[in-house]
Amino acid sequence: MNCQDSILEPLCFPEQPLDGAPGPRRSSSRSELLLLCLFCSESSGLPQKDVFLKHLLLEHKVVIADVKLIADLPKYLLYWKGRFLEQPVTDFCSVIKTNSTGPVEKQENYFLLCDILPEDRILRENLQQKRLEEVLEQQQQERDDGSFQRLCMFCSDEFTGNRSSLLNHMAREHSFSIGLPDNIVFCDDFLDTLQSKLDNLQCLYCEKTFRDKTTLKDHMRKKAHRRINANNREYDRFYVINYLELGKTWEEVQSEDDRELVDDGADDDWSDWQAHPVSAVCLFCEHQSETMDQIYSHMKDIHDFDLHKLRTELNLRFYQQVKLVNFIRRQIHQSRCYGCHQRFESRADVLRHIVAEGHVMQLPDVSTWDQPQYYFPTYENDALLCTLPDSDDEDAGDEANRCEDVPVIAEDVSDLRALKQSSVLNQLLRSRSSGSQSDGRRATTTTLHSNSQTEPKRKQT
């Protein structure tokens with residue numbers, strides 16, 4: 001496998017916030033801990049986590065799911081290193097076979113270690129609980145610490161004693177609040193981070209850099225930017241709420257608390273509810289559209305790429321469409337033409353090649369992209385995957401419509417006269433006619449009249 005082609009985790013479009021919940025970050029004292037390889041003597045420092053994960057993938061073909069949600073990665077790895085010495089890796093990991101339809105010599109097995117395994121889930125929860133206990137202990141120490149001493153970031157006032165005096169001063173005098181003191185942990189690191197940004201002439205909210213302190217100060221005052229950016233995950237480790245539940249951010253925990261305040265007996269009124277528009281990104285450029293019809297039209301009109309036409313011509317089912325989209329995304333990300341597999345220096349170069357050579361609608365053999373590895377999204381917030389039509393349902397509907405159009409043919413209509421004479425209806429009519437003795441004349445007249453009308457029809461028949 002080429003090192004440049006490896007993607008350790010799903011990518012994310014930069015225009016949108018990450019949907020995944022980040023795990024609690026370590027304090028500075030944990031950065032010295034080593035990450036031990038599960039199978040060999042290789043080790044890396046915690047800051048080189050990505051290098052370590054690439055080693056696991058390329059050398060041992062092992063992928064750890066949701067690494068960012070593991071509260072203590074060194075301990076997690078140490079535990080599984082011991083377990084793999086006791087039992088084979090296949091007893092714990094899901095096996096993913098790549099190029100399953102190709103030659104045997106080109107097939108490879110990859111091992112996925114995730115919390116679907118109960119043992120792994122329990123381990124992650126225990127590490128999360130242990131981390132929460134450490135954070136709460138650290139927070140209590142900071143509450144009881146009377147040796148706190150620091151200058152205000154916005155004026156020359158000095159504060160000693162408890163940290164709450166400084167935080168309350170900044171909120172009251174400078175309209176700058178980072179939250180209640182009791183909700184904050186690693187306060188010194190938090191204030192050092194904010195002070196460093198100000199020293200670098202960077203706005204704490206929009207994070208733009210200015211030429212001098214006066215300009216920065218005027219900007220933050222006029223734009224009301226005397227606050228931190230809640231979407232900056234760098235600050236998550238300084239709030240206790242981010243350590244409460246495994247895999248949940250403060251937004252998710254807070255939204256659950258808000259729902260508990262709603263009166264269950266009140267009538268549900270959804271009249272003012274507005275859905276957030278879906279923002280799908282084009283396969284070839286950074287254009288976004290709020291509706292799927294718009295993004296399909298954009299790709300067809302601007303790039304001559306007709307996804308609906310490919311689905312119809314190739315008779316693609318839903319999961320085949322998913323794999324095709326992920327395949328094209330990955331090839332474009334790696335600056336490779338998906339039609340001829342030629343590699344280029346940049347994304348712009350490969351897009352120019354695809355248009356110039358007419359490779360937009362030129363797909364490789366189905367076996368190239370219809371592989372299990374493309375079940376996994378290239379971009380984890382790819383809204384295009386959520387709106388692909390389910391061709392299986394459409395095929396079922398078409399089959400039902402075809403069944404309705406099938407004509408019904410009688411078994412035998414060769415002797416129609418005999419069929420009419422022996423019919424049950426005629427027998428009932430004759431029985432009823434013979435039973436009405438009181439109206440014999442009227443019945444006789446009616447019967448004769450009926451026969452006179454029926455006879456020509458029989459002859460015509």
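Guide: Accessible areas come from the Shrake-Rupley method with a 1.4 Å probe, and for residues only the protein chains shown count as cover. By that method the protein chain exposes about 28,300 Å², and carbon and sulfur atoms supply 50% of this area. The model is predicted: local features need pLDDT of at least 70 and side-chain atom pairs pLDDT 80 or more, while totals for chains, interfaces and linings use all residues. Residues are numbered from 1 along each chain as its sequence is written, and side-chain values use heavy atoms, without hydrogens or water.

Of the 461 residues in the protein chain, 36% are buried (under 20% relative accessible area; exposed is over 50%, partly exposed in between; 1.4 Å probe, protein chains only). The chain has 16 helices and nine strands (DSSP runs numbered from the N terminus: H or I of at least four residues for helices, E of at least two for strands). Among its contacts (heavy atoms within 4.5 Å) with a separation of 6 or more, 56% are between residues 24 or more positions apart.

Now the core itself. A nonpolar core is a set of buried Ala, Val, Leu, Ile, Met, Phe, Trp, Tyr and Cys residues joined through side-chain atoms within 4.5 Å. The largest one has 32 residues, and L283, F284, Y296, F305, I328 and Y338 touch the most other members. At least two of its residues come from each of α8 (292-303), α9 (307-314), α10 (318-333) and α11 (347-356). Helix α10 gives the largest share, six residues.

F305 shows how parts of the sequence meet here. Leaving aside neighbours within four places in sequence, F305 is in contact with L283, F284, M299, K300, L310, I328, Y338, V360 and M361. Another core, of 30 residues, lies apart from the largest one, and includes V135, F176, C187 and L216.

P389 sits in the loop between α12 (366-369) and α13 (391-404), and counts as buried because its relative accessibility is 18%.
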